[in-house]
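Hi,

Here is the structure I promised to pass on. Have a look at it first, and my notes follow below.

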Amino acid sequence: MGNHAKPVRIAALGMEQRTYSTLQLFFHGHCQDSYVLVEEKSADISIIDMDGFQAYRMLEEHKKHYPDQPSILISLSDNKAHDAVYVRKPIQLEALSSALRSAKKRLQQQPVAKISVPKISVKEVAEAKASVAKNTAKNTPKLQTADNTPNAVPPVLNDVIHRPKTVVKHAKPGSNHFNQYRYAADALTEDTDIELIDTKLAARFNPLNPVQVAKFQYQSKQTLQGYFQQAYFMALQKKRNIVLKGAWRPITILYKSKQLRVEKNFRHLYALSGMFFDKSEVSIAVLDNSVDCEPSIHETVLPAEPFLWKLSMRTSRGRVPVDTNFTAPIKLIRWPNFTRTIVTPHALRIAALWAKRPTSLVDTANYLAIPLQYVFIFYNAAVSLNFVTPEMAKKDRTTTSSPPVKRHQYRKIFQDLLDRLRNN
Amino acid sequence: MTNYKIIFTGPVGAGKTTAISSISDRPPVSTDKVATDMTRNVKKTTTVACDYGTVRLNGSDCLHLYGTPGQQRFDFMWDILTTGGIGLILLLDNTRPDPFQDMEFFLDQFQDFINQTQVAIGVTQTDLKSAPCIDDYHKHLDKQGSTIPIFEVDARKRQDVSLLIKALLFSLDPGLVENND
């Protein structure tokens, strides 16, 4: 589990299977298991779909039995009835996160005696675990958590213990497994802001503290970003088209045009950025160049580099790949094509600095006086496309707070011009 | 009142006049005339002296945007225009027969000015012809050991031109502050 604190137990009431699966993945991936879906009687917070048949009746019943339990109501309409946090459909990731934080806060404000306690006996859990182990050994997707350790309790386990009757079990990767990820992604809009991890810790980051360093690093090779990166550069190197398969519809990389062929509804791929995939779940196959790579009517063609850039940004969330040296000067080899890709906060400044004088990640944040995680996000995306390289000869240079470049004599004029460009 | 200027250069049809129009506070002064030479195969009119636009800054300061004429026979004007300039925007037309040659030519012609300031390159018309791609331009520049910002640009879009100018400014001084870049 990503967070070591005890997860908040959430009951999802009146949900369709699709919405339920979305929540499940959202809690596991984005929230790093800070929340877990349970049945109503064990829950700390409930999320109720108000668009279902007899939803109001269900809500009344729920309030009657669990009057102190904070609720989040989701609906297509602007219904502000009841003392509950309200999220409008289609659910935006940020809105749901905010609603959960709000409900959690209310929960914490309640007297301890009123907080509901789990009503599942040890025996029930043991039986459920045994049952799951038996039933899902072949079917469980090998998801790993953000810290790259296998889940002590895989999400499917909670699922089986607490799953509403309307929800079907996970299926094998490649069938419903795929659909499940996709449903999750459909609800998470593509342009949702990226939520940075541990912003407070980043503010006092010490590159010599291994515990902190570990917190801001991740196994990029085991993410979709890592596999795509590997396949993309393999395609360029071998001058062959390559197909990447996994818990998603196949992605065909077209080396000549540096494009990829994906299904039209490709946005779900970005939602997979928070997940880790075992090597055994992914395949990279070189295609015969004579194979027709024209997109079908269900597919579309995208430029590969902006795709990888965006995927890397989303995967990073303010972290960098493992083995990144935080004090080695970073040199910009190539400017990203900023008019056709996402410009992360301060990206232009960071790029200009690294082009002018190689500077370490830590020094960059100090010199530009910007949050370290903006440097990490930019670095992560840039390194995934080989736009930057650490200067290994100066690898262990100690950090310095001295400005790496001189102040330009016209800085004030440039500053005025920047303000004008931003304001108009 | 203090005046500063940014120079827009590039071959005929690269979008210099359009780019200045996109960013200027007021309609730019243009010295376009009906093309009588081989330029008429590219467009009906062409700039014979220069394009001129302005961006009003805080106080009484003003930024002047100068576009050089694209044809080489007007290259005698380039020196005059760059005097006192703070940076160069080079626009390249991707549909031209050899845009790399254009790039080399203009970088060479303005080398002294670039050495004193900075340059940012915008590649236009990529919607009409996608090859060469930006990566190819970079590879070409790698031989020269330069790390120059090169972006695809639609000269009609203020946002694209604005981003190119921002890259130029940050290249001149990465210590500049912008909250929303």
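**Helix packing in chain A**

Helix H12(A) crosses H13(A) in a right-handed sense. Keep in mind that this is a predicted model. H12 covers residues 347-356 and H13 residues 361-368 of chain A; they pack at an angle of about 120°, and their axes are 11 Å apart. From H12(A), the contact uses A:Arg349, A:Ile350, A:Leu353 and A:Trp354, while H13(A) brings in A:Leu361, A:Thr364, A:Tyr367 and A:Leu368. Sorted by class, that contact has 6 nonpolar, 1 polar and 1 charged residues.

**Aromatics**

A:Trp354 turns up again in an aromatic cluster, together with A:Trp309, A:Trp335, A:Phe338, A:Phe378, A:Tyr379, A:Phe387 and B:Phe151. Over all chains, the structure holds 25 aromatic pairs.

A:Lys310 lies over the face of A:Tyr270, 4.7 Å from the ring centre. In chain B, the charged end of B:Lys5 sits over the ring of B:Tyr66, at 5.1 Å from its centre.

**The sheet in chain B**

B:Tyr66 also leads us to the sheet: this residue of E5(B) stands opposite B:Tyr52. E4(B) and E5(B) (residues 62-67) pair in the antiparallel sense over 6 bridges. The open sheet has 6 strands in the order E4-E5-E1-E6-E7-E8, with mixed pairing. Strands E4 (51-56) and E8 (150-152) of chain B are at the edges with a single partner strand each, so one side of each has no neighbour in the sheet. From one strand to the next, the twist averages 20°. Helix H5 (residues 134-142) of chain B packs on the sheet and touches E6, E7 and E8 of that chain, its direction making about 160° with that of E8(B).

Cheers

Key
Residues numbered from 1 in each chain as written. Chains lettered and ligands numbered in written order. Predicted model: local features only at pLDDT ≥ 70, side-chain atom pairs only at ≥ 80, totals over all residues. Heavy atoms only, no water. Axes fitted to C-alpha atoms, helices over the stretch in contact; angles between N-to-C directions. Helix = DSSP H or I, 4+ residues; strand = E, 2+ residues; numbered from the N terminus. Left-handed = near helix turned anticlockwise from the far one by under 90°. Contact = heavy atoms within 4.5 Å. Nonpolar A, V, L, I, M, F, W, Y, C, P; charged D, E, K, R; others polar. Phe/Tyr/Trp six-rings, centres within 6.5 Å; stacked < 30°, edge-to-face > 60°. Lys NZ or Arg CZ within 6 Å of the ring centre and 35° of its normal. Pairing = 2+ DSSP bridges.
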